Amino acid sequence: MTAAKRLYPWIACASILFSVVAVVAGQFGPDPYLDPLNVTISEYAVSDRGGVTEVAMAVLGIGSLALLAGLRSVGAPIKGAPQWLLMAWSGALVVAAVVPTTPIGQDLDLAAQIHRYVSIAAFVSLPAAGALMVPRLAADASWKPVARVVEWVTLAGGFGVLAITYVALPGERVMIGLVERLLLGAEVALLAVLAAWLVRVAWRRNAASAVPAPHKAANFPTYHRFIASRS
C-alpha cells in the first residue's frame, strides 16, 4: 500500500471528527432565539455568519470521499451501487455547502431549490449504501465483525429518513430540526464505524506486509543426491 493510500483512513477519521465538532459549535453561533428543535441545520447555516456549518459540511463531504478511496484501496466489498451511493452522498454534501438555502421566512430561490434536492439526495443515499453493504460485509472475513454494527446504524438512518419525510410533508415541519439532527447523527455514526474499521484493516495489512517473508532454503544438491545422480 502506497503512502498516499495509507493516509485515506486517517483523513476520513479526522474529517468526521472535525465536522462533528464544527457542527456542534455552529449551533451556538447564530441568533440565540432560533429554536434548534424546529430549525434545520441548513437554516442555521444561513444565520451563521462565520460559515462554520458550511465548512463542516464541505469537510465531511471531502472526508467521505477519502473514506471511499480508503475502502477501495483495501478491497472492501463496496463495488457497484454502494460506492456510487457513497459518491453521491459526498458530492451532495459539498454542493449543499457551496449552495446555501434562503434565510428563514423567505421564498425559496433557485439556489435554495438546488440545496434542498441535493440534501435529500445526501440523506437518502447513505442509508441506501449501508443497506447494500451489510450482506457484503457479513460475507467478507475482514469486515464481518463490524457488519452487525453497520446494520444497526443503517437501520437507524432508514427510520430517520422515513421520519423526516413525514415531518417535512404531512407533519408540517413539527420538530423537523430534532428529527434532522437525529438522522444526521445516525449517518455520521455509519461513516465513523466504517472509517474506524478501515483504520484497523489498513493497519493490520500494513503490519502484515512489513513482516519479511521467510527465506526459502537454497536448493543445493546434497552429497547423497550427487552420488545418486552419478550412479
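**Exercise 1.** In this predicted model, determine which helix gives the most to the lining of the largest pocket, and describe that pocket.

*Solution.* The helix that gives the most to this lining is α5, with seven residues. Widening the view to the other elements, α2 (41-47), α5 (110-138), α6 and α7 (176-210) each supply at least two residues of the lining. Sorted by class, the lining holds 12 nonpolar, nine polar and four charged residues.

**Exercise 2.** Find which residues lie nearest the centre of the second largest pocket, and which helices contribute to its lining.

*Solution.* Begin with the volume, which is about 390 Å³. Of the 22 residues that line this second largest pocket, V23, I41, M57, L184 and V188 lie nearest its centre. At least two lining residues come from each of α1 (3-26), α2, α3 (52-73), α4 (81-98), α5 and α7. By class, the lining divides into 14 nonpolar, six polar and two charged residues.

**Exercise 3.** Decide which helix has the lowest mean pLDDT and which the highest.

*Solution.* Start from the whole protein, which has eight helices and zero strands and averages a pLDDT of 86, with 86% of the residues scoring at least 70. Among its elements, helix α8 (residues 223-230) has the lowest mean, 42, whereas helix α6 (residues 144-168) has the highest, 96. Over residues 215-231 the pLDDT is below 50, and beyond near neighbours in sequence this stretch has one contact in the model.

Conventions:
Residues are numbered from 1 along each chain as its sequence is written. This is a predicted model: local features need pLDDT of at least 70, side-chain atom pairs count only at pLDDT 80 or more; totals for chains, interfaces and linings use all residues. Side-chain values use heavy atoms; hydrogens and water are left out. Helices (H or I, at least four residues) and strands (E, at least two) are DSSP runs, numbered from the N terminus. pLDDT is the predictor's confidence in each residue, from 0 to 100. Contact means heavy atoms within 4.5 Å. Ala, Val, Leu, Ile, Met, Phe, Trp, Tyr, Cys and Pro count as nonpolar, Asp, Glu, Lys and Arg as charged, and the others, Gly among them, as polar. On a 1 Å grid over the protein atoms alone, a cavity is a set of points where a 1.4 Å probe fits but cannot get out, and a pocket is an open set with protein on both sides within 12 Å along at least five of seven lines; lining residues have an atom within 4 Å of a point. Grid points are joined across faces, edges and corners, and a volume is the space filled by probe spheres set on the points.
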